[in-house]
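Open the model in your viewer and keep the selection panel at hand.

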2 protein chains.
Amino acid sequence: MPQYRLHCFPESGNSYKLGLMLTLCGQSWEPVWTDFFGGQTRSPEWRASVNEMGEIPVLEEDGTRLTQTGAALLRLAERHGRFQGETDAERYEILRWLLWDNHKLTSYLATYRFLRAFSATPSADVLAFFRGRVDGALAVAERHFEQMPFAAGDRPTVADLSMCAYLYYPAEETGYDLPESHPAVAAWLGRIAGLPGWQAPYDLIPGPRFAQKL
Amino acid sequence: MPQYRLHCFPESGNSYKLGLMLTLCGQSWEPVWTDFFGGQTRSPEWRASVNEMGEIPVLEEDGTRLTQTGAALLRLAERHGRFQGETDAERYEILRWLLWDNHKLTSYLATYRFLRAFSATPSADVLAFFRGRVDGALAVAERHFEQMPFAAGDRPTVADLSMCAYLYYPAEETGYDLPESHPAVAAWLGRIAGLPGWQAPYDLIPGPRFAQKL
C-alpha cells in the first residue's frame, strides 16, 4: 500500500511539484484525481473537510493532511533527508527562492497559463499584464541560472522543484519557448530532468485531461 | 548604533512587515529610504550589488543582507526567539499561512493597491481581475479568523505579521473598508495592533511620501 495519497490533477503544476518530489525521493504514492475545473476544491464541502484554502494539491499520510505545496515540500525534504539545505546559509537560500517562486514565478505563470490555455475568453489587458510579470520573473531566473547550476547553489533542492514545475508544461500552454527565449533557464530545466526518476508533468500525474475551455 | 539597517520606503507593506517584526522584538533598526517608485530597486546596479530579485526590503546586519521578506521573518523569529512555532505542527501552520500569504493575499493585494493608488491609468479589466483574487483571499481569511484568534492558533506569529501588513493601509488605498466588509479580519488586525510597540505603516516607516501617480 502506498505511503502517500496525493489529491491532484494533471494540469496542476503544484500537484506535479509534490508528485515529483515523492518520486525523486523514491516514495510510493497514490494519485487521487480531483475535479478542480469542475469546482470541487472550491466547494464548501472541500473547504470544510479537506482544505480551508480551497486549493489543490493535498497530501495525505496516515490521516494527516498537508496543504500549501511549499510547506509540504519543506516537510518532505526534512522527513526524507533529500533536497534540503545543510547549512544555515543554504537553508536561507532555499526559503528565499521558494518564497520568491510563490510570489513571483509560479503565481504569475500559473495564472497566465490558466488564462491562455484553459479560459475561453480571457481579457487581453489581463493577459498582457501577467505576461509582463512572468517576463520579469523569468529575467531574474535567467540571470540567476547564468551564474548558478541550481537555485541555492550546486545541488538541486526543493526550491528548484518548486520553481521548475510550471515551466515543464508545453509551450503551447505557457506561451514560452524557453530554449529560444531563456537558454539558461532551459539548461537548468535540463539538469533537473536528468535526475533519476524524473518525468514530465503529464506523464507523472494521471487523470482525465481538461477538454472544454471554461 | 542600531543593530539593523532596513532598506525600505513607507508605501511598502513588505518593508513594514520587517520594521514591525524588529520593533515588536525590541530591536533597534535604522531605516534607509529607497527610491522604489523612481526605479532604484530595479536598476542594474541594485540587482548586481544589493538584490538580484530587484526587490525591497533588504535587511542588513553586520554586512549580511537578507532579502525576501518571508524568509527574513523566519530568520528573525529564530534569532530573537519570538513569533515562531514551538511544535512541529505549529511550525507547519506558520509556513502554510506564510506561503499562502505570499501566493494569495500579499501578492494580489499589493498589486491591486499599487494599481488603484499609485498608477495613473490602470486597466479596468486588470483592476477587476485583481479585485476578484483579493476578494477570494479575504474570504479565506475571514472564515479562518471567525474560528481562530491568530493565523496558526492562539498566539501571534510571523504568519500574522506577514498577512496583516497591507491590510493596515488606509481604505482609500486598498479599496477595502474591513470592519464593514470583513469583521473577523478587522478584529484580528485589532488584536495585532494591541501588541506592545505596534505602529501603523505610515507611522513606523519614515521617508518622503509618494506624490505623483506613475
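This is a predicted model: local features need pLDDT of at least 70, side-chain atom pairs count only at pLDDT 80 or more; totals for chains, interfaces and linings use all residues.

**Stop 1: helix 5 of chain A**

Select residues 124-147 of chain A, which form helix 5. This helix has 24 residues. From its first C-alpha to its last it reaches 35 Å, close to the 34 Å expected at 1.5 Å a residue.

Now show side chains. The buried residues of helix 5 of chain A are A:Val126, A:Phe129, A:Phe130, A:Val134, A:Ala137, A:Leu138, A:Ala141 and A:Phe145.

**Stop 2: the domains of chain A**

Colour chain A by domain. The assignment gives domain 1 as 4-82 + 198-204, and domain 2 as 88-193. Their centres, taken over C-alpha atoms, are 20 Å apart.

Select the contact between them. Domain 1 of chain A brings 13 residues, and domain 2 of chain A brings 13 residues. Look at the domain 1 side. Helix 1 (13-24) and helix 3 (69-80) of chain A each supply at least two residues there. Helix 1 of chain A has the largest share, 6 residues. By residue class, the domain 1 side that touches domain 2 divides into 9 nonpolar, 3 polar and 1 charged.

**Stop 3: the side of chain B that touches chain A**

Bring chain B into view. Here 24 residues of chain B are in contact with 24 residues of chain A. Select helix 3 (69-80), helix 4 (88-118) and helix 5 (124-147) of chain B: each supplies at least two residues of the side that touches chain A. Helix 4 of chain B gives the most, with 8 residues. Colour this side of chain B by residue class: 10 nonpolar, 9 polar and 5 charged.

**Stop 4: how the chains are related**

Last, highlight the interface residues in both chains. Why can the copies be said to meet through the same surface? Because 100% of the interface residues of chain B are also interface residues in chain A.

Note on methods
Residues are numbered from 1 along each chain as its sequence is written. Chains are lettered from A and ligands numbered from 1 in the order in which they are written. Two residues are in contact if their C-beta atoms, placed from the backbone, lie within 7 Å. Helices (H or I, at least four residues) and strands (E, at least two) are DSSP runs, numbered from the N terminus. Ala, Val, Leu, Ile, Met, Phe, Trp, Tyr, Cys and Pro count as nonpolar, Asp, Glu, Lys and Arg as charged, and the others, Gly among them, as polar. The expected span of a helix is 1.5 Å times one less than its number of residues. A residue is buried if 20 or more other C-beta atoms lie within 10 Å of its own, exposed if 12 or fewer, and partly exposed in between; C-beta atoms are placed from the backbone. Domain bounds come from an automatic or database domain assignment.
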